[in-house]
Amino acid sequence: MASSDNVRKIDEAFDNIFTTTGFEFHKFKIGWYNDCVDTPFKLDCPSDTLAYLTISTPNMFEKSFLPYITRVDCLDARDPIDQCVDTELQKVKEALPDQEIEIIHDYDLHPNRRPKVLVQTAGHVAGSAFYYQRKHMQKDPWDKDKNIFGVSIHPKYGGWFAFRGVVIFKDIQVPDLEQKDPPDVLPTDELKQELLERFNDRWQDWSYRDIIPVEGKYSEQQKLYFGTAPKDRKQLLESMTKSHDA
Ligand code: B12
């Protein structure tokens, strides 16, 4: 089958599986990602290989996660959210059994603890969310010894989203896929500095997520969940499933 037919079939499968689940997918070529990252982070696939970057939007929590934990006994899992996302992504493999698919989650690490994929870079090259890094500043205002982590901003959801990983179609080459730049929603140095300082110095107050006006953000119960230490989340989920059922 021609690669454009394959891509259409895969797009349809994603649409069918994920219509109302609160996930988004953005296509990219592995080569676009590999061209950015240093050697240890490169993915071992030909440059034109097709991949989909996966994002959970603010309503994934209510649309997918709360229904999932009422159906599946997972409250003792290491991370019930990761288990729910993995279950959703595995549906792609079930829907497309003829494809060789590799799923790399945001939390997957090599034995030396290096992340298997840098999702912010993948999100940038896929055009989904601009990855703001220190090197984007025209004038760097910080002490050279200060470590400044970069952060991605989605044009609709600001910082109210999470990257969930990449789905790679190892046998599909898409030489003609067109790259789209992610919208640069923070055009000035002042805005970029404000974002990076909020993310690095006070990420717990959520304010970096509101650096632009957003179309949707986490509900109060979702903020409560993510703001609760993992060891105390089980009890919280038990009460949330009761109110979700009610
Ligand atoms: C390790 C890690 C941490 C570590 C270290 C952070 C770091 N950035 O290194 C710690 C524990 C501190 C941490 C903390 C947090 N984290 Co964290 N973390 C990660 C993780 C797993 C890997 C990041 C990493 O190791 N990067 C390695 C470095 C070297 O990568 P880099 O700096 O981007 O460098 C690359 C780019 O510059 C690229 N590159 C070079 N040139 C160019 C040019 C262009 C144009 C581009 C696009 C790229 C590019 O090449 C470099 C590599 O060679 C990611 C998930 C993932 N798998 O990516 C989440 C992630 C970065 N964390 C995230 C978050 C939200 C947090 C927290 C807020 C906690 C939380 N989970 O709620 C805090 C806040 C940070 C803080 N202020 O302390 C989110 C960020 C979302 C976003 N909107 O950007 C991520 C993406 C997780 C996710 N699933 O969404 N985190």
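A salt bridge, as I use the term, is a side-chain nitrogen of Lys or Arg within 4 Å of a carboxyl oxygen of Asp or Glu. With that rule in hand, here is one network: E194, R198, R202 and D205 are linked by salt bridges.

Before going on, a word on the source. This is a predicted model, in which local features need pLDDT of at least 70 and side-chain atom pairs count only at pLDDT 80 or more, while totals for chains, interfaces and linings use all residues. Residues are numbered from 1 along each chain as its sequence is written, and side-chain values use heavy atoms, with hydrogens and water left out.

Back to the charges. Side chains of opposite charge can pair when their charged atoms come close. How many salt bridges does the rule give? The count is 17.

For exposure I use relative accessible area: buried means under 20%, exposed means over 50%, and partly exposed is in between, with a 1.4 Å probe and protein chains only. R202 is partly exposed because its relative accessibility is 35%. E194 is partly exposed as well, at 28%.

Next, K27 and D11. Their salt bridge has its closest N and O atoms 2.8 Å apart. K27 sits in strand β1 (residues 23-29) and D11 in helix α1 (residues 3-18), so the pair links distant parts of the chain, 16 residues apart. Helices here are DSSP runs of H or I with at least four residues, strands are runs of E with at least two, and both are numbered from the N terminus. K27 has a relative accessible area of 27%, which makes it partly exposed. D11 is partly exposed too, at 24%.

D201 is partly exposed, with a relative accessible area of 46%, and K146 is partly exposed at 32%.

Now the strands. Is β3 mostly enclosed or open? Strand β3 (residues 101-105) has 4 of its 5 residues buried, so it is largely enclosed by the rest of the structure. Two strands pair if DSSP finds at least two bridges between them. Strand β3 is joined to strand β6 (residues 162-173) by 5 bridges, and the two run antiparallel. In β6, V167 is the bridge partner of I103.

Helix α3 (residues 60-71) has 12 residues and reaches 16 Å from its first C-alpha to its last, close to the 16 Å expected at 1.5 Å a residue. That expected span is 1.5 Å times one less than the number of residues. The buried residues of α3 are M60, F61, S64, F65, L66, Y68 and I69.

On to the pockets. A pocket is found on a 1 Å grid over the protein atoms alone: it is an open set of points where a 1.4 Å probe fits, with protein on both sides within 12 Å along at least five of seven lines, and lining residues have an atom within 4 Å of a point. Grid points are joined across faces, edges and corners, and the volume is the space filled by probe spheres set on the points.

The largest pocket holds about 850 Å³ of space. It is lined by 24 residues, and the closest to its centre are F161, A162, F199, Y208 and R209. Which element gives the most to this lining? Strand β6 does, with 3 residues. By class, the lining has 12 nonpolar, 6 polar and 6 charged residues. Here Ala, Val, Leu, Ile, Met, Phe, Trp, Tyr, Cys and Pro count as nonpolar, Asp, Glu, Lys and Arg as charged, and the others, Gly among them, as polar.

The second largest pocket holds about 500 Å³. Of its 18 lining residues, L118, V119, Q120, T121 and Y131 lie nearest the centre. Helix α5 (residues 119-125) gives the most to that lining, with 5 residues.

Last, two backbone angles. R113 is not a glycine, yet its phi is positive, about 75°. R113 lies in the loop between β3 and α5, and at 65% relative accessibility R113 counts as exposed. W206 also has a positive phi, near 70°, in a residue other than glycine. W206 is found in the loop between α6 and α7 (220-226).
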